[in-house]
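This briefing accompanies the structure shown below. Please keep the model in view while reading the points that follow it.

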Amino acid sequence: MPGEEATSPSEAVMVNGHLEKSNSLPSEDDLLDPMCDPDNPIVVKFQDVSAAAYKIRNGIERTACTKSVQLSTLTGLDLYFKKEFLQQTGSFKERGARYTLMALSKEQRQIGVVAASAGNHALALSYHGNQLGIPVTVVMPIIAPLMKVNLCRQYGGNVIVKGKDIGESKAHALKIGKDTGMVYINGYDHPHILAGQGTMGLEIVEQVSDIDAVVIPIGGGGLIAGSALAIKSLYPSVKVIGVESERCAGFTESMKAGKVVTVGAQSTLADGLAVPTVGVNAFATARNYIDQMVTVGEEFIALAILRLVEMEKAVVEGAGATGLAAVLAGLLPELKGKRVVIPLCGGNIDTTVLGRCIERGLAADGRLCRFVVTVSDRPGGIAELCKLIAKLGVSLKDIFHERAWLTSDIFSVQTKCIVETRGHEHADELRRALEARYESVYWGPHSLMGP
């Protein structure tokens, strides 16, 4: 209304489903998490992981770690998947969350805990806090998926939607902790979180023998820190490989610099890995156990999601599929013929995002193609094109005609097509047939923009 002061998303807090103006958020630099001090990082020990494994043994799913026959054949690896997406809340985050909650003192259990998360950490804390009778408050940014916000509430979490991004949500969560006495739990760097995540590594070496390598996705670094510690402590010869999205390679850059550095985070299908600054405790714990780091592109993350849906009947989010993406991208040729374990870390992916990922995966696999071809605008011109496409066994998904902006003769029409093929070879066969029949053919990802 006239005269009212506008409220920006960064100044807003969600109250009863409505955005209301709130006091300005504190700067992240004004509040320090005592358990994650950059000047005094805590290095987790193997006995911490062992203690965590004992304490959470009755509250966490011991997920399957099974061989993938189809993907082993496709990749040339002896490939096993650790199926962490089968945890109750859909990710490995439950391990660290439950152990951290169980490690609280009696007084801390009564006061409760607070955390900032846009997804899996919030879900894990809410669920296990409810199981253990510990109050949990989670601060989620306004960009958090509504599905995950509602699930946290269903699991019994006190959800506060505040902040335009996870940085602002974290600052508010730290302030709540300071004001109320609640323990702030960093989802990827609290020492107990690292120890809890390490129990996955213990299970892997118990479930699969004679492992040559483990390929682990990295966001903030908590999972690889705990798991690499556990695996290397028991089997030093096992190669530990970390994988990041090339759009946010914070751990890779930190390894190069020898210290934690902040990088830019771009939008990525592996949104759970988009952490600009990795955990200081995670980095200090993991750096000496990681043998190799690789970064992978978006098209292979999408392709990995597609392969898992088709071949494993598994719905896995982008962050959880990144390890397989590195293999599919050909980034780890030295693993051919080796026994390799890849954790599928999480399965919390929005249905709409899954649909987009599948389409991108089909495109990366050469099974969804687009092109622009100029054909005769006289009767039978389009029919001839469709007959050529059908003769090759290609499925026409979409077609659009353009006449007004065409610079060739007035009796021609520019036809933009999206088609479905069996793969790259089939797509190449169609492209060659089109180029043999028509003078003007534009093939590839930019073809819909026109010649």
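The model is a predicted one. Its protein chain is divided into domain 1, residues 30-365, and domain 2, residues 368-443. The C-alpha centres of domain 1 and domain 2 are 45 Å apart.

- Helix H1 spans residues 46-56, and its buried residues are Val 49, Ala 52 and Ile 56.
- Viewed down the axis of H1, these buried residues fall within an arc of 60 degrees, so they line one face of the helix.
- An α-helix has 3.6 residues a turn, so residues three or four places apart point the same way.
- Gln 47 and Tyr 54 are exposed on the other side of H1.

**Packing of H1**

- Two packed helices are described by the angle between their axes and the distance between the axes.
- For H1 and H8, the packing angle is about 85 degrees and the axes are 8 Å apart.
- H1 and H8 are therefore roughly perpendicular to each other.
- On the H1 side, the contact involves Phe 46, Asp 48, Val 49, Ser 50, Ala 52, Ala 53 and Ile 56; on the H8 side, it involves Ala 195, Gly 196, Gly 198, Thr 199 and Leu 202.
- The residues of this contact between H1 and H8 comprise 7 nonpolar, 4 polar and 1 charged.

- Glu 312 is located in helix H12, which covers residues 298-312.
- Glu 312 counts as buried because its relative accessibility is 19%, and the cut-off for buried is under 20%.
- Leaving aside residues up to four places away in sequence, Glu 312 touches Ser 68, Leu 71, Phe 81, Lys 83 and Arg 307.

**Positive phi at non-glycine positions**

- Most residues other than glycine have a negative phi.
- Asp 210 is not a glycine, yet it has a positive phi of about 55 degrees.
- Asp 210 is in the loop between H8 and strand S9 (213-217), and it is exposed, with a relative accessible area of 65%.
- Lys 313, also a residue other than glycine, has a positive phi near 55 degrees.
- Lys 313 is placed in the loop between H12 and helix H13 (322-328), and at 65% relative accessibility it counts as exposed.

Notes: Residues are numbered from 1 along each chain as its sequence is written. This is a predicted model: local features need pLDDT of at least 70, side-chain atom pairs count only at pLDDT 80 or more; totals for chains, interfaces and linings use all residues. Side-chain values use heavy atoms; hydrogens and water are left out. Domain bounds come from an automatic or database domain assignment. Buried means under 20% relative accessible area, exposed over 50%, partly exposed in between (1.4 Å probe, protein chains only). Helices (H or I, at least four residues) and strands (E, at least two) are DSSP runs, numbered from the N terminus. The arc is that of the directions from the helix axis to the C-beta atoms. Axes are lines fitted to C-alpha atoms, for helices over the stretch in contact, and angles run from 0 to 180 degrees between N-to-C directions. Angles under 35 degrees count as roughly parallel, over 145 as roughly antiparallel, 65 to 115 as roughly perpendicular and the rest as oblique. Contact means heavy atoms within 4.5 Å. Ala, Val, Leu, Ile, Met, Phe, Trp, Tyr, Cys and Pro count as nonpolar, Asp, Glu, Lys and Arg as charged, and the others, Gly among them, as polar.
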